[in-house]
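Here is a short briefing to read alongside the model. Keep the viewer open and follow each topic as you go.

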Protein chains: 2
Amino acid sequence: MRADAQRNRERLIEAAREVFREQGYDASLDAVAKRAGVGAGTLYRHFPSRDVLMDAIMQSWVDRVNDAVDKVLLHEGAPRDLLLSWFETYVDLISMHKGGPAKITSAMGDESSPIVTKCQVLARATQRVVDRLEEEHALREHIEAVQMCRLVGGVATVADNADLDRAAVRPLLEVIADGMLA
Amino acid sequence: MRADAQRNRERLIEAAREVFREQGYDASLDAVAKRAGVGAGTLYRHFPSRDVLMDAIMQSWVDRVNDAVDKVLLHEGAPRDLLLSWFETYVDLISMHKGGPAKITSAMGDESSPIVTKCQVLARATQRVVDRLEEEHALREHIEAVQMCRLVGGVATVADNADLDRAAVRPLLEVIADGMLA
DNA sequence: GACTATACGGAGAGTGTCTCCGTTTGGCAA
DNA sequence: TTGCCAAACGGAGACACTCTCCGTATAGTC
């Protein structure tokens, strides 16, 4: 890739990060291009769709997911606490941008989604939690990681849309946890 | 209201019902106006926003909700079956239009939403199910109808976004039910 | 320094939202 | 019946966003 192309690509990602944080996932892509100081054509050449751009700005986020699940799994304690701890972390992780929870959760299990890699990172992290709980025989049978992602993602989506705070989200996560634990 | 205004209002509602069914909740409002045979100005005078229009086309749906909960409560059987039966009915009721689950669930508990009356109808119906289960001491403590609506609405939203079928939705609803039952 | 593949930029086509204002009409009073 | 006018209509058009096309600029190579 030519040096100017590389530079513009990075500028676009940085601009998108800022604009999406300020205005949410629905922000105008022309605004992103303008913030980056490039033309619309340049933006669309690098990132043919909004989702591809989203995927790119989430690279550093992948590391954060993996760090987060490591940290959660470190914690010794009751299975219910572990599970709830992961659920709350999960909600935080997918709620970094307005509209994020819906976007990520609807792509979960869709092989052709442009953000499939991000979903896989989340699913694998969740699988590690499932594995740990199964070792301890703490989970009911037939509980799959993808179901966990969908349920908790559903709660995060509702919370995102309705501006619910953590206090309102907590009891919803508890219901899900109790429904999954043996 | 003048007779022509009344007539146009009804035409618009009928047209919106058709267009939303065919094209989903995101369909162009100009398309609705055109289908109704009126100008865009007439549409926006009657219905200042998409949500207000949605609210209007859902009038008959209110009756359907009430019929549905009556029918579910008639059913004798285990509490778990009753609860799951209501959950599946609930998902069907709010999934009549693409985008409906997110719209309805995010407005749940928001007094200023244009579709607040529809949310209340759903919440009251769900409350009747909660009351019945509490009579039978089948429910855990501190379970509120609005939480039920949010959890099941979250599942419906995910299913709507990700095109999940009933078979994929069922186990998610089971987790929620098990998390709520004593 | 010249060449060319690569990348850039922004005008503009396509689409949707919503408003404004000149025109039409329903309903009433005389 | 007729005349009046408040109420309602309609659609052009301003504005916003997405995405493409193509003339222009330039990075990298020889």
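Predicted model: local features only at pLDDT ≥ 70, side-chain atom pairs only at ≥ 80, totals over all residues.

Helices here are DSSP runs of H or I with at least four residues, numbered from the N terminus.

**How the two copies are related**

**Where chain A meets chain B**

- The contact draws on 24 residues from chain A and 24 residues from chain B.
- On the side of chain A that touches chain B, the elements giving two or more residues are α7 (100-107), α9 (145-162) and α10 (166-180) of chain A.
- The largest share of that side, 10 residues, comes from α9(A).
- By class, the side of chain A that touches chain B has 12 nonpolar, nine polar and three charged residues.

**Around DNA strand C**

- α3(A) provides the largest share of the surface near DNA strand C, four residues.
- Eight nonpolar, seven polar and seven charged residues make up the surface near DNA strand C.

**Around DNA strand D**

- At least two residues of the surface near DNA strand D are supplied by each of α1, α2 (29-36) and α3 of chain A, together with α1 and α3 of chain B.
- The most comes from α3(B), with four residues.
- Sorted by class, the surface near DNA strand D has eight nonpolar, seven polar and seven charged residues.

**A helix pair in chain A**

- α1(A) packs with helix α4 (residues 50-57) of chain A at an angle of about 95°, and their axes are 9 Å apart.
- That angle makes α1(A) roughly perpendicular to α4(A).
- A:I13, A:A16 and A:R17 of α1(A) make the contact with A:L53, A:A56 and A:I57 of α4(A).
- The contact of α1(A) with α4(A) has five nonpolar, no polar and one charged residues.

**A buried cysteine in chain A**

- A:C119 sits in helix α8 (residues 116-135) of chain A.
- With 23 other C-beta atoms within 10 Å, A:C119 is buried, since 20 or more is the cut-off for that label.
- Not counting residues up to four places away in sequence, A:C119 touches A:I104, A:A107, A:M108 and A:S113.
- The C-alpha atoms of A:C119 and A:T105 are 8.0 Å apart, for residues 14 apart in sequence.

**A partly exposed leucine in chain B**

- B:L29 has its place in helix α2 (residues 29-36) of chain B.
- B:L29 is partly exposed, with 17 other C-beta atoms within 10 Å.
- Leaving aside residues up to four places away in sequence, B:L29 touches B:L43 and B:R50.
- Between the C-alpha atoms of B:L29 and B:D178, 149 residues apart along the chain, the separation is 42 Å.

**Positive phi in chain B loops**

- B:H137 has phi near 50°, a positive value in a residue other than glycine.
- B:H137 is found in the loop between α8 (116-135) and α9 (145-162) of chain B, and counts as exposed, with 8 C-beta neighbours inside 10 Å.
- Phi of B:D163, a residue other than glycine, is also positive, near 55°.
- B:D163 is placed in the loop between α9 and α10 (166-180) of chain B, and is exposed, with 10 other C-beta atoms within 10 Å.

How values were computed. Residues numbered from 1 in each chain as written. Chains lettered and ligands numbered in written order. Buried ≥ 20, exposed ≤ 12 C-beta atoms within 10 Å, placed from the backbone. Contact = placed C-beta atoms within 7 Å. Nonpolar A, V, L, I, M, F, W, Y, C, P; charged D, E, K, R; others polar. Axes fitted to C-alpha atoms, helices over the stretch in contact; angles between N-to-C directions. Parallel < 35°, antiparallel > 145°, perpendicular 65-115°, else oblique.
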